[in-house]
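Take a look at the chain and its ligand before reading on.

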Amino acid sequence: MTTAASENAGLVVRGLTTTFDTPRGLAIAAADVDFDVAPGEVVGLVGESGSGKSVTLRSIMRLIREPGHVSGRVEWRGRDLVAMPDEELRRIRGSEIAMIFQEPMTALNPVLPVGLQIEENLIAHTTLNRRERRARALELMNIVGIPAAESRLDEYPHQFSGGMRQRAMIAIALACSPKLLLADEPTTALDVTIQDQILKLLLELRDNLAMSVVLVTHDLGVIAATCDRMAVMYAGRIVETGTVADVFARPRHPYTRGLLGSVPSGGAPRTMLYSIDGTPPSLTELPVGCAFHPRCKFATEECLKTRPPLSGVAESRLAACFHQDDVAAMEPIL
Ligand SMILES: Nc1ncnc2c1ncn2[C@@H]1O[C@H](COP(=O)(O)OP(=O)(O)OP(=O)(O)O)[C@@H](O)[C@H]1O
Ligand code: NI
């Protein structure tokens, strides 16, 4: 049943679990992931390479293919995206919900001019006529800051620089004024100036469209600059959530503390440097107990036997650590 309250609820993810059958066994790439994104809110997902950030985003959009399998609930404005018929999902995808992929070249069609790719989205999801579509495409190119937009509409993706391609992909994603944007490393590999411009653009759109954003990044500087709340992922699980201010000021999970501690103090960090010893576990052979225990200075007997549940001081401020009070009691980092 759809209620007015749930229609306003934005994105609600519950128990999202994604596994892959691999020759080495079942890889649990995302496990029991829970998070919410309110209308107009920007939530960051952060974690090391392979922690399950992209898999989580792709699972929300039902873009996981064999040998992958997704379970759990993804509610968007009160409707379950996991259980919804393909046809209905296709209508929502690209219009209400848009995604920006990690690698623009794979998301863009190489044999179609950029302007036409924007128009294709408009053909699929609006009743605009040809002239109106062209005008809207031009408007979008201007919004994302592509110079000489009029002539660039007829160019192909390979004629665009990396930064311009990223902008083109954002223009396509935004063609139908989505209410939810899933952005996977939208600014990685771009230089700092362009990165700042694109993040600023996303925040403007968030304000103008009351758009919700899930932003995946491994860059804590990007989280600090753009997000309201954040979730830290480790080995497929969310291990800490909270407002960006709270998590940065007083991390409650040793992994988060390690990530933040490895960031140079003074000014927003641009890259995440790892000072945490060791490497993440294999997803087919996760350690018993807490998956982080082999790398953790706080680990005790309990951590080797039992996986700590996400718990904490408030519903919106959680950490999956038995020793979170000790972690929080440490000297502030920044
Ligand atoms: N099709 C697949 N088959 C098997 N394993 C997969 C598949 N797709 C993803 N995985 C595994 O899922 C895990 C999580 O991958 P994911 O791409 O979500 O990581 P990530 O956090 O986005 O990392 P990065 O920062 O490098 O983008 C990885 O170990 C990856 O090998
Ligand atoms: Ni990724």
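Which residues of α2 are buried? They are K53, S54, V55, T56, L57, R58, S59 and I60. A residue is buried if 20 or more other C-beta atoms lie within 10 Å of its own, exposed if 12 or fewer, and partly exposed in between, with C-beta atoms placed from the backbone. So α2 is mostly covered, with 8 of its 8 residues buried. Helices (H or I, at least four residues) and strands (E, at least two) are DSSP runs, numbered from the N terminus. Just after α2, R62 takes a positive phi of about 60°.

This is a predicted model: local features need pLDDT of at least 70, side-chain atom pairs count only at pLDDT 80 or more, and totals for chains, interfaces and linings use all residues. Residues are numbered from 1 along each chain as its sequence is written, while chains are lettered from A and ligands numbered from 1 in the order in which they are written.

Now turn to ligand 1. Its shell holds 15 residues, and F20, A29, S49, S54 and V55 come nearest. A residue counts as near if its C-beta atom, placed from the backbone, lies within 6 Å of the molecule. Helix α2 (53-60) supplies at least two shell residues, as do β1 (11-22) and β2 (25-37). The largest share, 3 residues, comes from α2. By class, the shell has 5 nonpolar, 9 polar and 1 charged residues. Here Ala, Val, Leu, Ile, Met, Phe, Trp, Tyr, Cys and Pro count as nonpolar, Asp, Glu, Lys and Arg as charged, and the others, Gly among them, as polar.

Strands β1 and β2 also belong to a sheet. Its 4 strands run in the order β2-β1-β4-β5, open and antiparallel. β1 and β2 form a hairpin with 2 residues between them. They pair over 9 bridges, and L11 stands opposite V37 in β2. On to β4: 8 bridges join β1 to this strand, where F20 has G68 as its bridge partner. β4 (residues 68-76) then pairs with β5 over 2 bridges.

A second sheet has 8 strands. It is open and mixed, in the order β6-β7-β8-β3-β9-β10-β12-β11. The edges are β6 (97-100) and β11 (311-314), each with a single partner strand, so one side of each has no neighbour in the sheet. The twist averages 20° from one strand to the next. Axes are lines fitted to C-alpha atoms, for helices over the stretch in contact, and angles run from 0 to 180 degrees between N-to-C directions. Helix α8 (residues 162-174) packs on this sheet, touching β6 and β7, and its direction makes about 170° with that of β6. Contact requires C-beta atoms, placed from the backbone, within 7 Å. β7 (residues 180-184) and β8 (residues 212-217) run parallel, joined by 5 bridges. L180 has S212 in β8 as its bridge partner.

Last, the whole chain. Its secondary structure comes to 14 helices and 12 strands. Of the 334 residues, 42% count as buried.

Note on methods:
Pairing = 2+ DSSP bridges. Contact = placed C-beta atoms within 7 Å.
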